[in-house]
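The entries below follow the order in which I looked things up.

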Amino acid sequence: MASISKLSTPISSPTLSSSFNPRSSLSSNSFLAFRPSSDFFTKLSASRLSVQRGSDLKGSLFVRCSQGDGNGIPVKRTVLHDLYEKEGQSPWYDNLCRPVTDLLPLISKGVRGVTSNPAIFQKAISSSNAYNDQFRELVQSGKDIESAYWELVVKDIQDACKLFEPIYDQTDAGDGYVSVEVSPKLADDTEGTVEAAKWLHKVVSRPNVYIKIPATAACIPSIRDTIANGISVNVTLIFSIARYEAVIDAYLDGLEASGLSDLSRVTSVASFFVSRVDTLIDKLLEKIGTPEALDLRGKAAVAQAALAYQLYQKKFSGPRWEALVKKGAKKQRLLWASTSVKNPAYPDTLYVAPLIGPDTVSTMPDQALEAFVDHGIVSRTIDSNVSEAEGIYSALEKLGIDWNEVGNQLEIEGVDSFKKSFDSLLNTLQDKGNSLKLVSH
């Protein structure tokens with residue numbers, strides 16, 4: 001395993017013992033056979049999705065936790081470079097594990113940022129021995145399990161930030177971010193979320209860290225206040241256009257309330273989830289069961305995302321926005337999240353290829369990233385057929401699909417999933433900690 005000791009100065013115990021204590025704040029498918037409509041693959045063709053396979057890059061992108069030396073040997077250009085340079089979309093990697101230096105080959109292939117979440121860390125820490133030495137030291141020094149968890153996470157985030165800092169500098173704070181999420185147990189705690197965001201920002205202490213805050217009703221004010229405090233935010237778990245508009249307003253309100261004369265270093269992305277929308281709506285359509293309903297399967301998520309981009313363009317224009325631009329403000333970019341395909345009947349780049357456009361981010365886990373590098377074609381597609389997206393959105397409403405209800409259900413499921421991952425990891429660490437204490441005696 002490659003050493004990452006030179007990437008950053010490891011955080012000391014006193015640093016994580018600052019005024020905020022994360023523990024104290026915590027108190028507060030079964031698909032029918034896919035029958036695509038006659039225009040389904042036509043649309044994908046219009047999105048210039050190639051289905052050619054056999055690229056020599058096949059199988060080369062996966063980051064294998066705790067394997068390899070992560071030396072990042074330069075490789076040839078990929079479509080990820082073209083994605084950013086030709087169409088203005090930043091490809092990010094939706095995963096993080098040790099050794100963090102395994103990200104170097106991905107960076108050389110065109111990856112420009114990283115997202116993480118409690119589920120990602122649950123998998124990384126539970127399935128790898130790469131965290132054992134640091135964890136043992138933390139336990140033996142008297143750290144409780146949750147404090148030890150945060151030290152493990154913060155070190156990974158700091159080291160990853162160091163790797164992406166050149167991109168951050170080259171783009172004048174426009175790209176090269178690494179995201180870390182506040183505790184999912186704070187999803188209904190407005191003030192607790194703000195304090196957690198301040199604490200994480202302080203202990204990570206890297207200019208290119210994004211503090212992830214969920215777009216729950218309780219956390220919309222948290223987003224505003226965190227931005228007002230000059231902290232850059234990745235707003236996560238956005239599932240509906242209505243909630244997305246509230247997120248934009250929170251960002252604008254926060255910038256205006258910050259009192260800063262230079263807003264160029266306070267940035268944000270809005271993580272709009274995609275595939276999960278189809279997973280839920282497809283089930284609802286199958287319950288309806290009519291030919292019209294079944295014909296709309298696999299179309300809801302991309303249609304809603306296209307309309308979200310229209311809202312983005314509208315909100316980040318006009319007098320209010322121009323006044324902020326004069327102070328150096330940057331647009332809150334739309335970030336497409338949940339881009340892996342859940343239904344094997346669908347094309348494997350369904351949630352990447354049709355969502356290419358300027359000032360956006362696509363964060364991709366291994367499956368989606370590998371597929372797009374292998375056979376994705378770069379072309380602006382996000383606004384290539386807005387009228388069709390509007391038609392799909394309206395047709396779903398006429399069938400009785402309530403977009404806000406869908407968003408609310410997915411939000412509840414998303415928060416609950418992250419809470420379970422968080423609790424599961426703490427339990428795993430507790431068991432590991434108990435065994436280490438026994439061994440130490």
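Before listing partners I settled one term: two strands pair if DSSP finds at least two bridges between them. I also noted that this is a predicted model.

**Entry: β2 and β3**

I began with β2 and strand β3 (residues 209-214). Four bridges join the two, and they run parallel. I looked up the bridge partner of V178 in β3 and found V209. Then I checked the faces of β2. V178 and V180 lie on one side, S179 and E181 on the other, and all are buried. Both faces of β2 are therefore covered, with buried meaning under 20% relative accessible area.

**Entry: β1**

Five of its five residues are buried, so I noted the strand as mostly covered, buried being under 20% relative accessible area. In a regular strand the side chains alternate between the two faces of the sheet. I looked for that pattern here. Q89, P91 and Y93 point one way from β1, and S90 and W92 point the other way. β1 pairs with β7 in the parallel sense, over five bridges. S90 has V361 of β7 as its bridge partner.

Strand β6 (residues 333-337) and strand β7 (residues 360-364) pair in the parallel sense over three bridges. Opposite W336 I found S362 in β7.

I picked out H375, which lies in helix α16. Is H375 buried or exposed? H375 is buried, because its relative accessible area is 4% and the cut-off is under 20%. The side chain of H375 also has a polar contact of 2.8 Å with the side chain of D348.

**Entry: helix α4**

V79, L80, H81, D82, L83 and E87 are its buried residues. What do they pack against? I listed β1, α5 (104-108), β7 and α16. At the start of α4, a side-chain oxygen of T78 comes to within 3.0 Å of the backbone nitrogen of L80. Just after α4, G88 takes a positive phi of about 75 degrees.

I kept a separate list for the backbone. Most residues other than glycine have a negative phi, and most peptide bonds are trans.

- I found a cis peptide bond between R98 and P99, with omega about 0 degrees. P99 is placed in the loop between β1 and α5.
- D172 is not a glycine, yet its phi is positive, near 55 degrees. D172 sits in the loop between α8 (145-170) and β2. D172 counts as partly exposed because its relative accessibility is 41%.
- L237, also not a glycine, has a positive phi of about 60 degrees. I placed L237 in strand β4 (residues 233-238). L237 counts as buried because its relative accessibility is 2%.

**Entry: α12 against α14**

Here I looked at a helix pair. Helix α12 (residues 275-288) and helix α14 (residues 300-315) pack at an angle of about 130 degrees. Their axes are 7 Å apart. By type, the contact residues are four nonpolar, one polar and one charged.

**Entry: S417**

S417 is partly exposed because its relative accessible area is 34%. S417 and P118 are 299 residues apart along the chain. Their C-alpha atoms are separated by 9.0 Å.

Terms used
Residues numbered from 1 in each chain as written. Predicted model: local features only at pLDDT ≥ 70, side-chain atom pairs only at ≥ 80, totals over all residues. Heavy atoms only, no water. Axes fitted to C-alpha atoms, helices over the stretch in contact; angles between N-to-C directions. Nonpolar A, V, L, I, M, F, W, Y, C, P; charged D, E, K, R; others polar. Buried < 20%, exposed > 50% of the residue type's maximum accessible area, 1.4 Å probe, protein only. Polar contact = N/O pair within 3.5 Å; in protein donor to acceptor, adjacent residues only side chain to side chain. Contact = heavy atoms within 4.5 Å.
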